[in-house]
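Here is a short report on one protein model. Please look over the sequence and the structure before reading on.

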Amino acid sequence: MSAQKIQKLAGVRGMNDRLPTEAKQWLHLEKILHDLTRAYGYELINTPIVEATEVFQRGIGVVTDIVEKEMYSFEDRLNGEQLTLRPEGTAAVVRAVIEHNLLYDGPKRLCYMGPMFRHERPQRGRYRQFHQFGVEALGFAGPDIDVEIIVMGQRLWDELGLRGVHLEINSLGQAAERAAHREALVEYFTANAAALDADSQRRLLTNPLRILDSKNPAMQELLEQAPRLLDFLGAESLQHFAAVQALLKAQNIPCKINPRLVRGLDYYNLTVFEWVTTELGAQGTIAGGGRYDPLVERMGGKAAPACGWAMGIERVLELMAISGSVPEAEAVCDVYVLHQGGETLTAAFIAAEQLRSAGMDVVLFCAPDGQAASFKSQMKKADASGAAFAVIIGPDELARGEAQIKDLRGLGKQYAVPLNQVLDAMIEALVSASE
């Protein structure tokens, strides 16, 4: 009687594996992000992927789509705490800044990178586990910091060679200005309630500003005629927005003023912005952010101005592929070490560790079935690894106290060196190959 076949397991839909070929692209992007943030004086901060649910309810806003429909929330069975998998980075960073009193000695420039979680229908560019990179500048009140983080983003797109990315900006003003605009919106949309879809009718009672962000084609003409928040801004808000535009112009960064750009979170005020592209279909926003001055005080800290932005790493990687700016695959190693098992394995192991101690990347052949493979078979693996050189130690070489070094990328030259001189010979060979 045959054994019952064990069912193959699969990953959770919308939570994707990162395979080795993809990991190289991620490492390339992470290196660029690391250099970028260092150039602007931003320091890395890491927060847990699980926070108290209240961090996001208070930080993002109870009537936002994220809190109402998309958060992975659960009760900790050990103590009854209400916990949530992190759906975005800003609220968590602000919680950490307050808890550890990071602003005690002045403003801070911070950055973060990591997985976020939202319970929504997976589709192109939107996953249940996705990854974000973000910057947060806390303690700075002027328009200069708004522009600094925008310029930082533009520099990133330029360095990545991305095509078709353009900047849209708006101002949400201050709370009193938004309140006056809200009244006008409610009056306008109430008079046109029959033209609203179900989502917009729900938002009319909770967050009417978000109706302006609707992508429903049937509502676009109605939205175009809606009262504009820019018309409700006072002198200070307009002055701040004008200064942002002037500094952007001075940096030769083109932008489009989009009066309907409101972002999806409650904590924004004054400057908001998005980088959008037509290359990714409906999910055209690859990064966005703005100023969120009320948030630190709302979350229990001493009032402090702040602004920041975040980008979706998966979307940027997809856009890099479309733009042809994905880096070429790098070699797995510098040196591949071959042997025939037994005492030759011992000698090969010693040589491989000496080379690694000198800073070389080395792959030592290990037989999948535990049996020594032919040198012909091993040489195929060495060539596929992308290594520049192979070090070969067989029984004949070991008997003579030697190793063979073979050039895998040049003219195929092969020569013998004493075993105790493999390190010096490989250093010389790699230096010559790089010249």
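For sorting residues by class, Ala, Val, Leu, Ile, Met, Phe, Trp, Tyr, Cys and Pro count as nonpolar, Asp, Glu, Lys and Arg as charged, and the others, Gly among them, as polar. The model is predicted: local features need pLDDT of at least 70, side-chain atom pairs count only at pLDDT 80 or more, and totals for chains, interfaces and linings use all residues. Residues are numbered from 1 along each chain as its sequence is written, and side-chain values use heavy atoms, with hydrogens and water left out.

**The second largest pocket**

A pocket is an open set of points on a 1 Å grid over the protein atoms alone, where a 1.4 Å probe fits, with protein on both sides within 12 Å along at least five of seven lines; lining residues have an atom within 4 Å of a point. The second largest pocket has a volume of about 350 Å³, the space filled by probe spheres set on the points. Its lining has 15 residues; Asp 17, Glu 22, Trp 26, Glu 314 and Leu 317 lie nearest the centre. By class, the lining holds four nonpolar, five polar and six charged residues. Helix 11 gives the most to this lining, with five residues. Helices (H or I, at least four residues) and strands (E, at least two) are DSSP runs, numbered from the N terminus.

**The cores**

A nonpolar core is a set of buried Ala, Val, Leu, Ile, Met, Phe, Trp, Tyr and Cys residues joined through side-chain atoms within 4.5 Å. Buried means under 20% relative accessible area (1.4 Å probe, protein chains only). The largest core has 85 residues; among those touching the most other members are Trp 157, Phe 189 and Trp 275. Helix 5 (residues 143–160) gives the most to this core, with nine residues. Apart from it lies another core, of 20 residues, including Val 337 and Ile 405.

**Aromatic pairs**

Rings of Phe, Tyr and Trp (its six-membered ring) pair if their centres lie within 6.5 Å; planes over 60 degrees apart count as edge-to-face. The count comes to six aromatic pairs. Two of them follow.

| Pair | Centre to centre | Angle between planes |
|---|---|---|
| Tyr 188 and Phe 189 | 5.2 Å | 65° |
| Trp 275 and Trp 309 | 5.3 Å | 70° |

Trp 275 lies in strand 9 and Trp 309 in strand 11 (residues 306–312), 34 residues apart. Both Trp 275 and Trp 309 are buried. Phe 189 counts as buried because its relative accessibility is 0%. Phe 133, Trp 157, Phe 273, Trp 275 and Trp 309 form one aromatic cluster.

Terms used. Buried means under 20% relative accessible area, exposed over 50%, partly exposed in between (1.4 Å probe, protein chains only). Rings of Phe, Tyr and Trp (its six-membered ring) pair if their centres lie within 6.5 Å; planes under 30 degrees apart count as stacked, over 60 as edge-to-face and the rest as tilted.
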